[in-house]
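User: I have a model open and want to go through some local features. Can you take me through them one at a time?

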Amino acid sequence: MRILLIDIDSLRPDHLSAYGYDRATSPTIDGIADEGVRFDRCFVSDSPCLPSRTALATCRFGVKTGVVTHFGEGQWYDNPGSGHDVDPDRAMSFYQLAHEGVRTTSVSSFAERHMAYHFSGAFQESIQPTAETGLLAVEDGADVTDAAITWLDAHAREDDWLLHVNYWDVHHPYVGVDEYKDEVRESGDPAPWPDDEAIENQRGMTGTRTADLWPNPEEYGADWYEEKYGESPMPERIKGREDAVQIVDGYDAAIRKVDHEVKRLLAELEDARIREETAVIVTGDHGEALGEHGIYAEHSLPHPACQRVPLIVSWPGVTDDAAGSTVDEHVYQFDLMPTICELLDVPQPAKWDAEAFTPALRGEAFEGRDFVVSGHGIYTFGRAVYRDDWLYVRLLHPGVFHHPGLFNDPDLPNDGLELLHDLSEDPHQTENVIGERPDVAAELRSALDRWLVENTSDGWTEQRPVEARGRDPLAKMASYGPYLYVDPDDLVDLYQDLNRSDEQIKQIERSLAQFPTAPTDKR
């Protein structure tokens with residue numbers, strides 16, 4: 001079997017026309033969805049980029065691998081095994097396929113960008129399409145496709161391969177997208193939210209990548225800022241709906257750009273006469289907030305905008321009877337890998353956390369997960385629980401963010417470090433109902449505590465939650481603060497230079513006093 005795994009950075013499903021978006025952002029991906037199965041409630045186990053792809057490559061939660069963030073001790077993979085001997089019960093997913101005769105290749109700059117060499121090492125072949133991965137030098141999707149086509153030219157007609165192709169274009173800055181903006185604008189209206197009222201309600205929030213201040217302090221006024229974001233400029237402040245749509249236009253155009261690259265890949269399969277016998281999978285490592293919780297064009301919080309990702313699987317001979325269908329049950333993104341193993345008759349290691357969803361691809365009865373837990377480790381540290389239509393968030397560290405009446409607010413229960421949203425009634429998470437629904441909060445709080453203990457210890461007792469947190473790498477990193485991209489002291493200085501309100505400065509200082517940080521070169 002041949003498998004093409006398309007991995008698109010920062011891709012949220014509700015901006016794909018395949019998921020019902022009004023704009024035609026993804027005509028090629030739509031065609032893949034028509035031939036396959038679309039998962040509506042797929043969540044990454046860990047976000048953002050480094051924790052997410054590590055989870056995909058290991059089929060294990062970040063609380064077990066140690067990779068929960070992008071820096072410090074929380075970025076290093078704790079490789080199970082000793083010396084040259086990998087623990088067979090915890091083998092990396094792509095290695096497991098290769099060990100059973102599937103040629104595995106990745107075309108991606110991800111390992112270099114995040115020093116994630118365990119990810120590239122999981123494949124037989126790791127191809128970096130370009131060395132352009134620095135602050136201003138972002139690889140173009142066309143370079144990625146060219147490298148993938150070169151590999152396909154040599155290997156497409158061979159049997160039993162998996163080709164992972166990773167695009168970064170949908171991550172800001174939205175570069176090389178001008179030619180696609182008119183296409184998406186003319187195809188339909190942008191998402192109707194946030195409107196002017198929603199943006200106005202976000203005034204007074206502290207933190208960067210927000211309606212009140214988008215640039216991080218090191219970016220503000222920097223010579224390279226305009227160069228980096230010039231094509232799709234990020235406003236200093238989101239003054240209203242027009243500014244928000246400007247960002248959305250860049251994001252949607254970037255999706256359309258990547259969709260064009262996917263079209264080139266499928267054309268190569270057609271030229272090799274293997275398109276109809278190749279499984280094609282489309283997913284992403286995380287999404288991107290476009291106003292949710294007051295955050296724009298960034299992945300800063302454990303919430304659906306960041307942690308819900310597309311998952312589309314078209315597998316000849318498997319999804320034929322279920323073509324065009326959707327699956328509403330909860331799954332983790334890394335559940336994809338044991339599913340591939342099952343379909344290829346490859347043994348699944350005993351201590352993976354991932355579970356196959358093969359029946360769903362055949363249109364058979366499928367229960368899915370009762371709930372999913374997703375950790376998040378940049379800008380803020382925390383975890384979300386998704387069950388039915390409920391979202392519960394526990395913030396271990398709110399970073400520099402404070403949203404009056406919504407989170408990190410001393411007037412809310414537990415100082416606003418817990419959020420509860422009914423996604424069926426409040427899909428944009430504008431109301432924190434933690435105080436109004438203590439029954440639901442208690443259930444999901446307990447579910448998270450039990451999950452944490454089960455994944456950090458050998459069993460559950462009423463005395464174990466605090467003990468378990470001592471072995472939680474995300475809690476350990478919270479002692480340093482999630483300040484890789486924004487220094488709170490620099491933000492206070494910037495607020496003072498910009499004559500921002502004393503209340504915003506006090507909120508940052510309050511957070512720093514509440515969450516003292518250990519010394520680190522990232523502060």
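Analyst: Asp 271 is in helix 11, residues 241–271; helices are DSSP runs of H or I with at least four residues, strands are runs of E with at least two, and both are numbered from the N terminus. This is a predicted model, where local features need pLDDT of at least 70, side-chain atom pairs count only at pLDDT 80 or more, and totals for chains, interfaces and linings use all residues. Residues are numbered from 1 along each chain as its sequence is written, and side-chain values use heavy atoms, with hydrogens and water left out.

User: Is Asp 271 buried or exposed?

Analyst: Asp 271 counts as exposed because its relative accessible area is 61%. Buried means under 20%, exposed over 50%, and partly exposed in between, with a 1.4 Å probe and protein chains only.

User: Where does Asp 426 sit, then? And what does its side chain reach?

Analyst: Asp 426 is in the loop between strand 17 (418–422) and helix 15 (438–454). Its side chain reaches the backbone nitrogen of Glu 431 at 2.8 Å.

User: Which peptide bonds are cis?

Analyst: Ser 47 to Pro 48 is cis, with omega near 0°, and so is the bond joining Trp 193 and Pro 194, with omega about 5°. Pro 48 lies in the loop between strand 3 (46–47) and helix 2 (49–58). Pro 194 is in the loop between helix 8 (178–187) and helix 9 (196–200).

User: What about phi of Ser 10?

Analyst: Phi of Ser 10 is near 65°, a positive value in a residue other than glycine. Ser 10 is in the loop between strand 1 (2–8) and helix 1 (27–35), and it counts as buried because its relative accessibility is 0%.

User: Last one: where is Gly 377?

Analyst: In strand 14, residues 372–378. The C-alpha atoms of Gly 377 and Thr 69 are separated by 4.4 Å, although these residues are 308 apart along the chain.

Note on methods. A polar contact is a pair of N or O atoms within 3.5 Å; within protein, one must be able to donate a hydrogen and the other to accept it, and residues adjacent in sequence count only if both atoms are side-chain atoms.
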